[in-house]
Amino acid sequence: MIVDAHVHVFAKKTTEFPRTVSPQYPEDGEAPVELLLEQMESNGVDQAVLTQIGGPELEHHTYLQHCLKTYPNRFLGIGLIPKEKWHAPEDHMDRLAESGGIVGFRLFEVGGPIDPLVPMDVTTFSTYPIWKYAAEKDYVIWLYSCARDAHQIPFLVQAFPNVRVVFNHLMVCPGENAFAHDDKGRPRIQTPMPPLTRYSMLGLHEFPNVAVKLAGQYAFSQEDWPYNDLERWHKTLLGKFGAERLMWATDFPWILEDPGYGKLVKVIDALLPDLDSEQRDLIMGEAARRFLRFPETV
Amino acid sequence: MKRPTDVERQEWEDNGVLFLESAIVGEELTRLQALFDRSAAEAKEDWLAGIAKGTKPAAHFDIPNPLEKDDFFIDLIDHPSWYGYLMDFSDEDLILLGPQVRTLPVLPISYVGWHPDVPHTTPLHMKAQIYVEDVPANGGAFGYVPGSHKPDAGACPVVRPLDTMPGHKVYPGKAGDVVLFNSYGWHTSMVNTSINPRKSIILIYEKWSKDRVATDRYVGIADKCTTPDRRRLFSLDAR
């Protein structure tokens, strides 16, 4: 069973499927779920995690909810929460989760003090109500934190040892002004690799509720596929977290043109060539299935 | 300059670690503490900016180029309380690789985990960790696995949690205490769950070898290194 643990789908902006627009996903742009399914089926991928893109408001999730309903048991969903609702996110989180298939919420910051030398009181962090409610309702935190907040995360993980936390994109926490797009429209992150935030992150392997996605290599590497300059970092993550807490993903659709979906299905074999078959099965899907509790049947 | 006793030398050979109590005391310690705090305050703004940019780690705060900031830091490198030990262990052929004037914030995890610094294929690699303030066992104290510096120790295991490492010993200490250790051995900073950041200075040394000498490394402080011993220690002359 192969699971692509992080993809994005979006429809053209319409009244049926309202969403925000950006140069990366303009009004008439689309990455339909049928195109994703076509790529998955051609490459033997069974299930995927649809990560919301196109805005955090409830109505912005309409296409994501449509995909989850149309193809039950094929996908799980990750939603977004508007910043103005962080102080009282319960209703927003529940309404999305109750619509079916949305199992967690993505955060790009955690909202504590930037100065690591001041006392850290997690109850003062701006995302604390989200973590607290995730703990109550067993929602997953899908984390792509900025660098300024990286050192705050261990305090939250410690405070909520039952919240399942999935670090996005190789556990990189990008610095400010690090985001750009390349000439193919793909995210491009200017960051040292391995990231300096690793000193605040790698020790989280001690917490069994923390997992890491092996995805987004194209955005961090200085090389073309298979991104050999990231091999050592992949091995470090494997050594710390073990295959049972690593999840392969493609970051569809940004990778369709370069390197192509099929090549990304093989990227783990290229970067972690010494995996045994059990480890490979875990990273390519079984870890995501267990950690995220995918439905058994397709 | 203090030299190891036969007992200390045997302990070093057996365990790979030596704890020197009260290596810095009195007025000298007070001066070191004041210099540390002043230097950290001067560097903090740049550190915080670097954290936001992702170019500096938040999990530890190193004062950049300390040897160029104050001669007192230079005097720590060949301090009589431990320099003689390191010279003895390196067969009188020692070079400095670098200082780390380091503040370790409170954090629920260790920033490094158990690790050796170098493989046995490199020349003898040693560190001196000076506690600038008191470091309790839960305050990011140094941890070491005695005997793990030996070539037959095998690979350093990944353990969860950190304090389940078999055979490890934690070295809490008072301000002015110093831990000398062989960096082939498995070591870590234990988790700092206290209420205070840890303040310590880590000096990195190695037995001289041609590959590790960089005559330009400390050229900025060459005028402070006028004796033959210092010029050798700071790699200012090629051999």
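The second largest pocket of this predicted model has a volume of about 740 Å³, where a pocket is an open set of points, on a 1 Å grid over the protein atoms alone, with protein on both sides within 12 Å along at least five of seven lines, and where a volume is the space filled by probe spheres set on the points, which are joined across faces, edges and corners. Its lining, defined as the residues with an atom within 4 Å of a point, comprises 35 residues, and those nearest the centre are A:Tyr25, A:Arg106, A:Phe108, A:Tyr144 and A:Phe179. Two or more lining residues come from each of strand 4 (102–107), strand 7 (179–181), strand 8 (187–189) and helix 7 (217–220) of chain A; helices (H or I, at least four residues) and strands (E, at least two) are DSSP runs, numbered from the N terminus. By class, this lining holds 20 nonpolar, 11 polar and four charged residues, with Ala, Val, Leu, Ile, Met, Phe, Trp, Tyr, Cys and Pro taken as nonpolar, Asp, Glu, Lys and Arg as charged, and the others, Gly among them, as polar.

The largest pocket has a volume of about 1,300 Å³, and of its 43 lining residues the closest to the centre are A:Leu202, A:Lys240, B:Val112, B:Trp114 and B:His115. At least two residues of the lining are supplied by each of helix 6 (198–201) and helix 8 (231–241) of chain A and by each of strand 3 (94–104), strand 4 (125–131), strand 8 (187–189) and strand 9 (198–207) of chain B. Helix 8 of chain A provides the largest share, with six residues. The lining of the largest pocket divides into 20 nonpolar, 13 polar and 10 charged residues.

A search of the whole structure for cavities, which are sets of points where a 1.4 Å probe fits but cannot get out, finds four of 30 Å³ or more. The largest cavity contains about 70 Å³ of space, and its lining is formed by A:Val9, A:Phe10, A:Ala11, A:Phe17, A:Pro18, A:Arg19, A:Gln52, A:Ile53, A:His60, A:Tyr63 and A:Leu64. Eight of these residues are nonpolar, two are polar and one is charged.

Between the two chains, 29 residues of chain B are in contact (heavy atoms within 4.5 Å) with 27 residues of chain A. Together the chains bury about 2,300 Å², with 65% of it on carbon and sulfur atoms; buried area is the accessible area (1.4 Å probe) that two parts lose on being put together, summed over both. On the side of chain B, the most area is lost to chain A by B:Pro108, B:Ile109 and B:Arg160, which together make up 26% of what that side buries.

One salt bridge, that is, a side-chain nitrogen of Lys or Arg within 4 Å of a carboxyl oxygen of Asp or Glu, is found across this interface, and one such pair is formed by the side chains of B:Lys44 and A:Asp115 (2.5 Å, N to O). Helix 2 (residues 26–53) of chain B gives the most to the side of chain B that touches chain A, with six residues. By class, that side has 20 nonpolar, five polar and four charged residues.

Over all chains, the structure holds 31 salt bridges. In one of them, the side chains of A:Lys85 and A:Glu57 meet at 3.9 Å, N to O. A:Lys85 lies in the loop between strand 3 (75–79) and helix 3 (90–98) of chain A, and A:Glu57 in the loop between strand 2 (47–51) and helix 2 (62–70) of chain A, so the pair ties together parts that are 28 residues apart in sequence.

Several features of the backbone of chain A may also be described. The peptide bond from A:Trp225 to A:Pro226 is cis, with omega near 5°, and A:Pro226 is found in the loop between helix 7 and helix 8. A cis peptide bond, with omega near 10°, also runs from A:Asp258 to A:Pro259, the latter being placed in the loop between strand 10 (246–248) and helix 9 (261–265). In the loop between helix 2 and strand 3 of chain A lies A:Asn73, a residue other than glycine whose phi has a positive value, near 70°.

Residues are numbered from 1 along each chain as its sequence is written, and chains are lettered from A and ligands numbered from 1 in the order in which they are written. In this predicted model, local features need pLDDT of at least 70 and side-chain atom pairs count only at pLDDT 80 or more, whereas totals for chains, interfaces and linings use all residues, and side-chain values use heavy atoms, with hydrogens and water left out.
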